[in-house]
Amino acid sequence: MTDSPERPGPAAGDARPSPDAVTPACAAKQPSAAERRERLHGAPVVLVSACLLGEACRYDGRSQRSEKVLAALYGKAVVPICPEVGSGLPIPRPPVDLCGGTGVDVWRGQAQALEREARVDRTEDFKRGARLALDAARGFGATVALLKEKSPSCGSQRVYESGALRTGEGITTALLRSEGITVVSDEDL
């Protein structure tokens with residue numbers, strides 16, 4: 001695992017839209033778990049949830065270090081991210097659930113990210129963190145992301161909505177997928 005990939009500069013005349021202008025479309029059919037694992041295997045640079053690497057950045061101040069994740073990343077350039085911390089949220093922080101839908105629905109303006117108990121709206125924080133993750137993927141040339149399942153940011157198959165685990169994806173995953181980045185769940189390994 002390489003700790004600091006070289007950051008390529010933008011190409012001359014790079015006409016990619018600003019992350020602020022990006023609004024994910026409907027979730028397209030996603031590749032199978034086997035196809036996602038194959039893309040991960042072939043990717044030289046991978047965007048990774050920092051908590052899976054052992055960084056204590058989760059809402060509860062813990063990490064979710066995963067030996068399976070570390071093994072899958074061997075020999076690859078790794079770009080660690082925590083969209084929530086990147087957006088300025090503290091460690092620890094109150095848990096957040098999606099309310100009214102999934103990450104795709106948040107980008108459509110049909111759902112929110114709310115603190116579980118106090119119901120403080122954290123939607124803009126989560127969207128800002130997702131845009132930062134997209135910037136990191138673009139800047140380092142990552143076409144694959146390996147993210148933590150069940151997170152309101154990073155979940156790719158299941159997220160908590162209004163306190164219940166349901167099928168769906170988090171806010172960061174929805175944005176990355178809308179931009180063609182393959183998202184692999186830590187549970188795919």
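The structure is a predicted model, in which local features require a pLDDT of at least 70, side-chain atom pairs count only at pLDDT 80 or more, and totals for chains, interfaces and linings use all residues. Residues are numbered from 1 along each chain as its sequence is written, and side-chain values use heavy atoms, with hydrogens and water left out.

The chain holds six helices and eight strands, where helices (H or I, at least four residues) and strands (E, at least two) are DSSP runs numbered from the N terminus. From the N terminus on, the order of elements is α-β-α-β-α-β-α-β-α-β-β-β-α-β. Of the 189 residues in the chain, 50% are buried; buried means under 20% relative accessible area, exposed over 50%, and partly exposed in between, with a 1.4 Å probe and protein chains only. Among contacts (heavy atoms within 4.5 Å) with a separation of 6 or more, 69% join residues 24 or more positions apart.

Four strands form an open sheet in the order E2-E1-E5-E8, with parallel pairing; two strands pair if DSSP finds at least two bridges between them. Strand E2 (77-81) and strand E8 (182-185) are the edge strands, each pairing on one side only. From one strand to the next, the twist averages 25 degrees; axes are lines fitted to C-alpha atoms, for helices over the stretch in contact, and angles run from 0 to 180 degrees between N-to-C directions. Five bridges connect strand E1 (residues 45-49) with E2 in the parallel sense, and Ser-49 stands opposite Ile-81 in E2. Helix H1 (residues 33-42) packs on this sheet and touches E1, strand E5 (144-147) and E8, its direction making about 105 degrees with that of E8.

Within strand E8 lies Ser-185, a buried residue with a relative accessible area of 0%. Leaving aside neighbours within four places in sequence, Ser-185 is in contact with Leu-146, Leu-147, Glu-149, Ser-156 and Gln-157. Ser-156 is 29 residues from Ser-185 along the chain, and their C-alpha atoms are separated by 6.1 Å. The side chain of Ser-185 also reaches the backbone nitrogen of Glu-187 at 2.9 Å.

Val-159 stands opposite Arg-166 in E7. Two residues lie between the strands of this hairpin, where Ser-162 takes a positive phi near 50 degrees.

Most residues other than glycine have a negative phi, and most peptide bonds are trans. Arg-119 has a positive phi of about 65 degrees and is found in the loop between strand E4 (112-115) and helix H5 (123-140); at 41% relative accessibility, Arg-119 is partly exposed. Lys-150, in the loop between E5 and E6, has a positive phi near 80 degrees and is partly exposed at 31% relative accessibility. The peptide bond joining Ile-91 and Pro-92 is cis, with omega about -10 degrees. Pro-92 is placed in the loop between helix H3 (83-86) and strand E3 (96-99).

The charged end of Arg-116 sits over the ring of Tyr-160, 5.7 Å from its centre; this term requires NZ of Lys or CZ of Arg within 6 Å of the ring centre and within 35 degrees of the ring normal.

How values were computed
A polar contact is a pair of N or O atoms within 3.5 Å; within protein, one must be able to donate a hydrogen and the other to accept it, and residues adjacent in sequence count only if both atoms are side-chain atoms.
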